[in-house]
Amino acid sequence: MKMAGQLRELRNRYGTGHGRAVVHNITPEVVDTCVHGALIWSRWALARMQTVLMGAVQPLVDDLLEGGTFYGGNLTERLQAANITKLEESDQRALGLAVGQRAARATFNVRIEGILACSEVPSNWPSAYREAALQGLFINPDGQLYTDPEHSASGAALLLQHHPEPDKALAELRLLVADASLSLEFEISSGVTITAMEATTPRVPESAQETWKAIADDLRQRSAG
């Protein structure tokens, strides 16, 4: 990088591009060094470009929300390239929400690599990502209640296990649930989701279990109405 960074200054001082009356004598060795320096930098940048593009946040969010295909390992690679722990909190939330919403649509590779993987190395998954993914498991991009009846509850419990303030995260979810309208899919499957939430209660951190039960009760009342 230092070598490439000096090429501009070298050209300014000794190059012929500015109509200099006197052309400096540049040895072949210096010329070769400049050429190789430029090539090394260019080749590294081109080789690195795929990794940078793979970790770009907005294209990944778009692929998650717009039905992009995720084969086994795809999401893992892209999340690792994004380096979630180093992202701004807004980007962490954007990724978490998109992963949760895609997982709620029963895309099992996304659920495995973006939700279940949070228990493997907890420090790799920041709280902002966990909170947003939790919300995405219950609220779709249209602001409606929408769940994977078989897995949203268990995924939520897993996300909460290593969250420093699980009750606060659930309190925020409860507010969102209260404001959300019911999707047709949720109206059909709400009973399965609520039963799964009740069965999952022991897996929710103890400090957050009362709020978890309250959300299940809220959903039951909404469904009955």
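I began with the largest nonpolar core, which has 47 residues; Leu95, Tyr129, Leu134, Phe138 and Leu170 touch the most other members. A nonpolar core here is a set of buried Ala, Val, Leu, Ile, Met, Phe, Trp, Tyr and Cys residues joined through side-chain atoms within 4.5 Å. Buried means under 20% relative accessible area, exposed over 50%, and partly exposed in between (1.4 Å probe, protein chains only). I then listed the elements giving two or more residues to this core: α3 (57-65), α4 (74-82), α5 (89-103), α7 (127-136), α8, α9 (166-179), α10 (184-200) and α11 (209-224). The largest share, six residues, comes from α8. Helices (H or I, at least four residues) and strands (E, at least two) are DSSP runs, numbered from the N terminus.

I noted that this is a predicted model, where local features need pLDDT of at least 70, side-chain atom pairs count only at pLDDT 80 or more, and totals for chains, interfaces and linings use all residues. Residues are numbered from 1 along each chain as its sequence is written, and side-chain values use heavy atoms, with hydrogens and water left out.

Next I looked up Phe138. Leaving aside residues up to four places away in sequence, Phe138 touches Gln144, Leu145, Tyr146, Thr147, Ser152, Ala156, Leu173, Thr193, Met197 and Trp212. Contact means heavy atoms within 4.5 Å.

I followed Thr193, which lies in helix α10. Is Thr193 buried or exposed? Thr193 is buried, because its relative accessible area is 1%.

Then I checked α10 against α11. Their axes come within 10 Å and cross at roughly 155 degrees. So α10 is roughly antiparallel to α11. Axes are lines fitted to C-alpha atoms, for helices over the stretch in contact, and angles run from 0 to 180 degrees between N-to-C directions. Angles under 35 degrees count as roughly parallel, over 145 as roughly antiparallel, 65 to 115 as roughly perpendicular and the rest as oblique. From α10, the contact uses Phe186, Ser190, Ile194, Met197, Glu198 and Thr200; from α11, Trp212, Ile215, Ala216, Leu219, Arg220 and Ser223.

I also looked at α7 and α9. They pack at about 35 degrees, with axes 10 Å apart. Glu131, Leu134 and Gln135 of α7 meet Ala169, Leu170, Glu172, Leu173 and Leu176 of α9.

Last, I found His151 in the loop between β1 (144-145) and α8 (152-161). His151 is partly exposed, because its relative accessible area is 28%.
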